[in-house]
Amino acid sequence: MGKLLMVGKIDPFDMFKYIADGRRAFNRTRVALQAVSKSSSYPVGLTPREEIWSLHRLRLYRYVPRVPVEERRSIPLLLVYAVITRPFIMDLRPGKSFVEFMLDRGFDIYLIDWGEPGPEDKTTSFDDYAAEYLPRAIRRVLADAGADQINLLGYCIGSIIALQYAALNPDGPVRNLVVLTAPVDQSAATDSKFSVWLDERWFDLDRVVDGMGNLPTVWIETAAQMLKPVANYVGAYLSLWERAEDPKAVQSWQAMHRWVHDGIDLPAETFRQWVRDYVRGNALLTGEHVVRGRTIDLKEITIPILNVLAEFDHIVPSAQSLHLADLVGSEDVQTEVLRAGHVGVMSGKHSKSFLWPLVADWFGERSED
Amino acid sequence: MSSEEPTTSGPLEVLREASARALDVAGQVAEQFVASEGFSSVVSRAANAVLDIVTPLRRGVNQLAETASEWTNIPTRGQVVELASRVNRLELILDDLDVKTDEVLKLLDGEVADGRQD
């Protein structure tokens with residue numbers, strides 16, 4: 001007993017303090033367990049919005065403006081999020097919402113929610129997202145806003161869809177494009193775990209796609225968690241326990257936990273195309289990707305682009321999007337590297353003080369009539 | 001107690017520091033492990049083995065369900081999925097039609113406005 005108490009220079013007369021520490025630890029554990037059990041119903045995406053259009057599973061929302069009409073910007077901004085997770089990461093909770101921030105800066109914000117695919121969507125591919133759904137959504141936004149130009153913001157795979165659209169429609173209505181963590185050049189990050197896992201030497205793509213149909217969200221979630229297994233499966237919960245006495249930190253954790261575990265299935269053909277054409281074939285760069293009979297050529301894109309990458313991104317290594325400026329035809333390309341991870345780039349501690357004002361100012365400067 | 005000694009050196013603090021160090025090391029080792037070709041190969045083989053069992057089973061169950069649906073004269077899953085796909089395609093066609101209607105209305109509005117000016 002005496003030996004145990006001497007560990008780490010423990011003073012045996014501090015027993016009352018140790019008991020208090022023990023009670024604190026117990027309390028933290030209780031709060032943390034409650035937080036975990038309630039996180040799936042934690043309220044997220046609370047900024048008021050209205051659905052202005054829907055097509056099959058897709059929903060197009062317009063956020064209710066927060067500034068008087070004379071202070072609003074004339075060019076609407078459409079948020080294009082990835083097809084494998086829910087877009088409320090951009091509107092996580094009041095005070096921690098990119099959408100809220102942009103509304104306060106006078107932007108007219110629209111959001112595409114791709115929806116959860118059903119079995120009938122197994123043939124939906126990137127071509128459909130870039131050449132069928134996005135153009136229609138853009139047309140609806142323009143009609144709703146009474147505008148003839150639009151700003152786009154793509155995040156993760158959403159930025160690939162936005163880039164594809166911009167390449168297919170060089171004379172289209174897109175005035176400016178912001179891409180966040182865009183996985184453009186798959187050959188640039190040789191250490192990407194996804195590339196290793198999906199290597200054709202062992203990963204039988206057709207067998208998986210034909211056997212599974214749409215890729216279940218649990219597969220996607222597990223793969224994402226396995227990129228950093230200890231940090232995600234253990235560290236995340238320890239981090240909650242450490243901050244359990246701070247209600248705001250607990251709420252923040254719950255919102256993020258809900259987002260991480262609230263994914264959606266990926267249409268079978270989208271997954272097949274992603275692995276075959278992009279991860280293995282790097283088709284966006286090799287010029288081998290043909291959409292509706294037209295080859296995607298990034299050099300066709302001449303609009304201003306803000307390319308934001310995350311230095312510690314383990315899902316889309318920053319090298320994959322670092323050289324976007326050399327790949328597109330635009331003369332006005334600004335590249336910003338944020339000291340954050342893939343998700344932290346939008347909702348981390350630097351987001352509100354750096355990324356959100358940067359995006360607002362960048363769009364603002366380039367959206368003058 | 002001298003001022004140089006840590007003030008929060010209770011058993012929990014010691015445990016916490018030790019676990020943080022252990023987690024750091026375990027995290028690095030685990031990341032290297034999951035990035036290895038051996039891990040990828042084993043996981044893929046396991047997935048293939050699961051699919052080898054699950055796919056025929058699922059096919060069999062689907063076949064059984066289809067047969068049962070036919071006997072009881074209710075739509076099969078395949079038919080419902082096919083119907084949903086057709087509705088989806090129909091939605092796209094209707095949306096195209098909507099675009100064309102808007103264009104026609106715009107042209108008509110323009111002509112009406114021109115007529116008023118004349």
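Glu116(A) is partly exposed, with 34% relative accessible area. This residue belongs to a predicted model, in which Glu116(A) sits in the loop that runs between strand S4 (109-113) and helix H4 (126-145) of chain A.

**Glu116(A) and its surroundings**

- Apart from neighbours within four places in sequence, Glu116(A) is in contact with Arg57(A), Arg86(A), Ile264(A) and Asp265(A).
- Between the C-alpha atoms of Glu116(A) and Thr217(A) the distance is 10.0 Å, while the two residues are 101 residues apart in sequence.

**Pro76(A), a buried loop residue**

- Pro76(A) is located in the loop between strand S2 (58-63) and strand S3 (77-80) of chain A.
- The relative accessible area of Pro76(A) is 0%, so this residue counts as buried, the cut-off being under 20%.
- When residues up to four places away in sequence are not counted, Pro76(A) touches Asp108(A), Tyr110(A), Val141(A), Ala145(A), Ala147(A), Gln149(A), Ile150(A) and Asn151(A).

**Residues with positive phi**

- Asn282(A) is not a glycine, although its phi is positive, at about 50°.
- The position of Asn282(A) is the loop between helix H11 (268-280) and helix H12 (283-286) of chain A.
- Asn282(A) counts as buried because its relative accessibility is 10%, and buried means under 20%.
- Arg292(A), also a residue other than glycine, has a positive phi near 50°.
- The loop that holds Arg292(A) lies between strand S7 (290-291) and strand S8 (294-295) of chain A.
- Arg292(A) has 43% relative accessibility and therefore counts as partly exposed, a class that lies between the limits of 20% and 50%.

**Helix packing within chain A**

- Two packed helices are described by the angle between their axes and the distance between the axes.
- Helix H7 (residues 205-212) of chain A packs against H11(A) at an angle of about 170°, and their axes are 9 Å apart.
- This angle makes H7(A) roughly antiparallel to H11(A), because angles over 145 degrees are placed in that class.
- H7(A) and H11(A) form a right-handed crossing.
- On the H7(A) side the contact involves Leu205(A), Asp206(A), Val208(A), Val209(A) and Asp210(A), which meet Ala268(A), Phe271(A), Arg272(A), Val275(A), Arg276(A) and Arg280(A) of H11(A).
- The contact of H7(A) with H11(A) comprises six nonpolar and five charged residues, with no polar ones.
- Helix H8 (residues 217-226) of chain A and H9(A) pack with their axes 6 Å apart, at an angle of about 95°.
- H8(A) is therefore roughly perpendicular to H9(A), a description that covers angles of 65 to 115 degrees.
- From H8(A), Thr222(A), Ala224(A), Gln225(A) and Met226(A) meet Pro229(A), Asn232(A) and Tyr233(A) of H9(A).
- Four nonpolar and three polar residues make up the contact of H8(A) with H9(A), and no charged residue takes part.

- The crossing in which H9(A) passes H1(B) is left-handed.
- H9(A) contributes Pro229(A), Val230(A), Val234(A), Leu238(A), Trp241(A) and Glu242(A) to the contact, and H1(B) contributes Arg16(B), Leu23(B), Ala26(B), Gly27(B), Ala30(B), Glu31(B) and Val34(B).
- By class, the residues of the contact of H9(A) with H1(B) are nine nonpolar, one polar and three charged.
- Pro229(A) belongs to the contact of H9(A) with H1(B) and also to the contact of H8(A) with H9(A).

**Chain B as a whole**

- Chain B contains three helices and zero strands, and its elements follow the order α-α-α from the N terminus.
- Chain B has 118 residues, of which 18% count as buried.
- The accessible surface of chain B is about 9,100 Å², and carbon and sulfur atoms account for 62% of that surface.

How values were computed: Residues numbered from 1 in each chain as written. Chains lettered and ligands numbered in written order. Predicted model: local features only at pLDDT ≥ 70, side-chain atom pairs only at ≥ 80, totals over all residues. Heavy atoms only, no water. Helix = DSSP H or I, 4+ residues; strand = E, 2+ residues; numbered from the N terminus. Buried < 20%, exposed > 50% of the residue type's maximum accessible area, 1.4 Å probe, protein only. Areas by Shrake-Rupley, 256 points an atom, 1.4 Å probe, with all protein chains shown as cover. Left-handed = near helix turned anticlockwise from the far one by under 90°. Contact = heavy atoms within 4.5 Å. Nonpolar A, V, L, I, M, F, W, Y, C, P; charged D, E, K, R; others polar. Axes fitted to C-alpha atoms, helices over the stretch in contact; angles between N-to-C directions. Parallel < 35°, antiparallel > 145°, perpendicular 65-115°, else oblique.
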